[in-house]
Amino acid sequence: MHRKEFRTVIKTDVASLWNFHSSAEALVNLTPPGRKLQIVSTDLTVRENATHEFKVKTGPLWISWCARLTEVSSPHGFRDTALKSPFKAWSHRHDFLPHKEGALLQDVIEYSLPFGTLGVLVNRLFVSRDLDRLFEFRHTQTRRALETV
């Protein structure tokens, strides 16, 4: 199992972080240019045991994702766990924590890829760096959306 943590202090409050990330537009706003996202679910409410479905275009392929939300604790965070994805396992904890300079946005991802040793190699060559770029983009977009200059 691989683990990644991303942390960014944002000059805002915890409730604003929650509102931004729990909105139906969050997935669209946090999708990098060049990636395509198709939302399948009609209800994207962040609530305990909600199931969100969407498709992501990776290269020429559309990949289906289905995630269940748990540990929902407004306004402090929630977890999404993939029920269907390209990963063997995927768990993503979104935390919105008070910080002396505003609020701390923290994402903790635990994941594994299928195909044993080949999956480990694919992670090392592609997936790990792609996740780093994705979450750097997401944290930058969140800061841009919420910080007032």
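This is a predicted model: local features need pLDDT of at least 70, side-chain atom pairs count only at pLDDT 80 or more; totals for chains, interfaces and linings use all residues.
The protein contains 3 helices and 7 strands. Along the sequence these elements follow the pattern β-α-α-β-β-β-β-β-β-α. The chain has 149 residues, and a compact globule with that number of residues would have a radius of gyration near 15 Å. The value for the protein is 15 Å, so the two agree. The C-alpha trace spans about 45 × 30 × 30 Å along its principal axes. Of the 149 residues, 42% count as buried. Among contacts with a sequence separation of 6 or more, 48% join residues 24 or more positions apart.

The largest pocket has a volume of about 1,200 Å³. Its lining is made up of 46 residues. Arg35, Val56, Trp65, Phe87 and Leu134 lie nearest the pocket centre. Two helices besides strands are listed among the contributors of at least two lining residues each: helix H2 (26–29) and helix H3 (116–146). The strands that each supply at least two are E2 (36–39), E3 (51–58), E4 (61–73), E5 (77–84) and E6 (89–99). Helix H3 gives the largest share, with 11 residues. By residue class, the lining divides into 29 nonpolar, 9 polar and 8 charged residues.

Ser41 sits in the loop between E2 and E3. Its relative accessibility is 16%, under the 20% cut-off, and Ser41 therefore counts as buried. The side chain of Ser41 reaches the backbone nitrogen of Glu53 at 2.5 Å. Leaving aside residues up to four places away in sequence, Ser41 touches Thr51, His52 and Glu53.

His52, one of the residues touched by Ser41, belongs to strand E3. At 9% relative accessibility, His52 also falls under the 20% cut-off and so counts as buried. The side chain of His52 reaches the backbone oxygen of Leu44 at 3.5 Å. Leu44 is also among the residues that His52 touches, once those up to four places away in sequence are set aside. His52 and Thr42 are 10 residues apart along the chain, and their C-alpha atoms are separated by 8.6 Å.

Glu71 is placed in strand E4. Its relative accessibility of 41% lies between the 20% and 50% cut-offs, so Glu71 counts as partly exposed. Not counting residues up to four places away in sequence, Glu71 touches Glu48, Gly77, Phe78, Arg79 and Arg93. Glu71 and Asn49 are 22 residues apart in sequence, and 8.7 Å separates their C-alpha atoms in space.

Taken by burial, Ser41 and His52 count as buried, whereas Glu71 counts as partly exposed.

Notes. Residues are numbered from 1 along each chain as its sequence is written. Side-chain values use heavy atoms; hydrogens and water are left out. On a 1 Å grid over the protein atoms alone, a cavity is a set of points where a 1.4 Å probe fits but cannot get out, and a pocket is an open set with protein on both sides within 12 Å along at least five of seven lines; lining residues have an atom within 4 Å of a point. Grid points are joined across faces, edges and corners, and a volume is the space filled by probe spheres set on the points. Helices (H or I, at least four residues) and strands (E, at least two) are DSSP runs, numbered from the N terminus. Ala, Val, Leu, Ile, Met, Phe, Trp, Tyr, Cys and Pro count as nonpolar, Asp, Glu, Lys and Arg as charged, and the others, Gly among them, as polar. Buried means under 20% relative accessible area, exposed over 50%, partly exposed in between (1.4 Å probe, protein chains only). A polar contact is a pair of N or O atoms within 3.5 Å; within protein, one must be able to donate a hydrogen and the other to accept it, and residues adjacent in sequence count only if both atoms are side-chain atoms. Contact means heavy atoms within 4.5 Å. The radius of gyration is taken over C-alpha atoms; the globule rule is 2.2 Å times the number of residues to the power 0.38.
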